[in-house]
Number of protein chains: 2
Amino acid sequence: MILLGLDPGLGTTGWGVISAEGNRLSHVANGQIKTEPGMQLPRRLTLLFEALGAVIRTYQPGGAAVEEVLGNSNAQSTLKLGQARGVVLLAAATAGVAIGEYHPSIVKKAVVGTGGADKKQIQAMMAHLLPGAKLAGPDAADALAVAITHAHHLASARALARRVIPS
Amino acid sequence: MILLGLDPGLGTTGWGVISAEGNRLSHVANGQIKTEPGMQLPRRLTLLFEALGAVIRTYQPGGAAVEEVLGNSNAQSTLKLGQARGVVLLAAATAGVAIGEYHPSIVKKAVVGTGGADKKQIQAMMAHLLPGAKLAGPDAADALAVAITHAHHLASARALARRVIPS
């Protein structure tokens with residue numbers, strides 16, 4: 001199964017595609033979509049939507065995942081993030097890709113083993129968990145981490161289903 | 001010229017269409033797009049995007065306008081609003097409709113004459129400025145108010161252009 005992880009942002013949206021076969025995960029691709037701060041907001045959102053649409057058409061993921069957003073005290077930055085996130089969720093939804101959502105501490109725990117990991121630890125673990133993956137940057141690394149969390153979650157859900165409904 | 005005003009929200013997005021011929025404004029249509037809180041977020045955003053796309057295809061506006069968002073101290077509500085607003089801006093932009101943005105106090109001043117008007121005053125003024133318009137609700141009234149503000153702004157810009165560059 002091909003899974004897409006997403007780390008939305010107006011300036012930079014990270015994306016990461018992995019392949020999950022049972023418990024075996026492998027890296028497929030990752031990247032960062034950037035839009036220039038000098039551009040008008042509707043244009044930036046359109047570029048983000050189109051670029052992410054191209055990623056989805058290229059890799060045809062069977063599922064996608066994104067981190068939950070806690071928001072912060074800066075209303076303008078929360079608003080910017082919200083606008084980008086709405087467009088990212090829409091790009092997946094209009095392409096028919098279901099989207100899982102995970103609390104940031106769950107993602108950190110899934111890939112580093114502790115809920116309080118920082119960005120550097122995430123990047124280091126991506127290099128370890130997905131050998132050979134060349135990271136486009138910290139947001140792409142975060143996106144891959146969400147994709148891995150989603151893969152673990154789906155694998156546990158399947159394992160649980162096997163236990164509950166023996167075939 | 002047909003102008004579309006928008007008042008984005010995840011639960012309710014108001015829209016209002018007016019026709020502006022010189023200084024004469026008339027009501028064309030208004031409505032409110034609602035999405036159920038029980039639905040998943042990507043589905044709500046998709047419904048909003050599709051419904052607004054249908055409005056744009058129906059009325060073919062030559063321009064659109066939306067209020068600037070100040071954001072508030074509740075990060076989760078700012079995030080929700082941001083997600084809806086991103087999708088609303090994207091719906092207009094992908095349809096090739098340029099979007100103006102006005103500070104709420106400018107909108108209130110344009111339609112009520114004072115920057116501190118409340119929702120009831122806006123609704124009362126819409127009934128006065130656009131006689132015969134049946135308002136779908138307070139968000140539709142706010143959307144019509146933004147459309148009127150945009151019409152005034154475009155008319156002043158044209159008047160200025162006539163003065164600066166005599167033909």
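**Entry 1: the model.** Before looking anything up, I noted that this is a predicted model, and I kept that in mind for each entry below.

**Entry 2: the sheet in chain A.** I looked up how the strands are arranged, and I found an open sheet of five strands in chain A, in the order β3-β2-β1-β4-β5 and with mixed pairing. Which strands lie at the edges? They are β3, residues 24-34, and β5, residues 99-102, and each of these pairs on one side only. I also wrote down the twist, which averages 20° from one strand to the next.

As a reminder to myself, strands of a sheet pair through backbone hydrogen bonds, and the pairing can be parallel or antiparallel. I then turned to one pair in particular: are β1 and β4 of chain A parallel or antiparallel? Strand β1, residues 2-7, and strand β4, residues 63-67, pair in the parallel sense, over four bridges.

**Entry 3: the annotated residues.** I checked the UniProt record, an unreviewed entry, and its annotation "active site" covers A:D7, A:E67 and A:D139. These residues are spread over 133 residues of sequence, yet they cluster in space, with a largest C-alpha distance of 11.7 Å.

I looked at A:D7 in more detail and found its place in strand β1 of chain A. Is A:D7 buried or exposed? Its relative accessible area is 16%, and because buried means under 20%, A:D7 counts as buried. Leaving aside neighbours within four places in sequence, I listed the contacts of A:D7 as A:T12, A:T13, A:G14, A:K119, A:D139, A:D142 and A:A143.

Entry 4: Lastly I asked how chain B can be laid on chain A. A turn of 180° with a shift of 0.0 Å along the axis does this, and the RMSD is 0.0 Å. The two copies are therefore related as by a two-fold rotation axis. I also noted that the same surface serves both copies, since 100% of the contact residues of chain B recur in chain A.

Technical notes
Residues numbered from 1 in each chain as written. Chains lettered and ligands numbered in written order. Predicted model: local features only at pLDDT ≥ 70, side-chain atom pairs only at ≥ 80, totals over all residues. Heavy atoms only, no water. Pairing = 2+ DSSP bridges. Helix = DSSP H or I, 4+ residues; strand = E, 2+ residues; numbered from the N terminus. Axes fitted to C-alpha atoms, helices over the stretch in contact; angles between N-to-C directions. Least-squares fit on C-alpha atoms with pLDDT ≥ 70 in both. Contact = heavy atoms within 4.5 Å. UniProt positions renumbered as here; feature names shortened; annotations may be inferred. Buried < 20%, exposed > 50% of the residue type's maximum accessible area, 1.4 Å probe, protein only.
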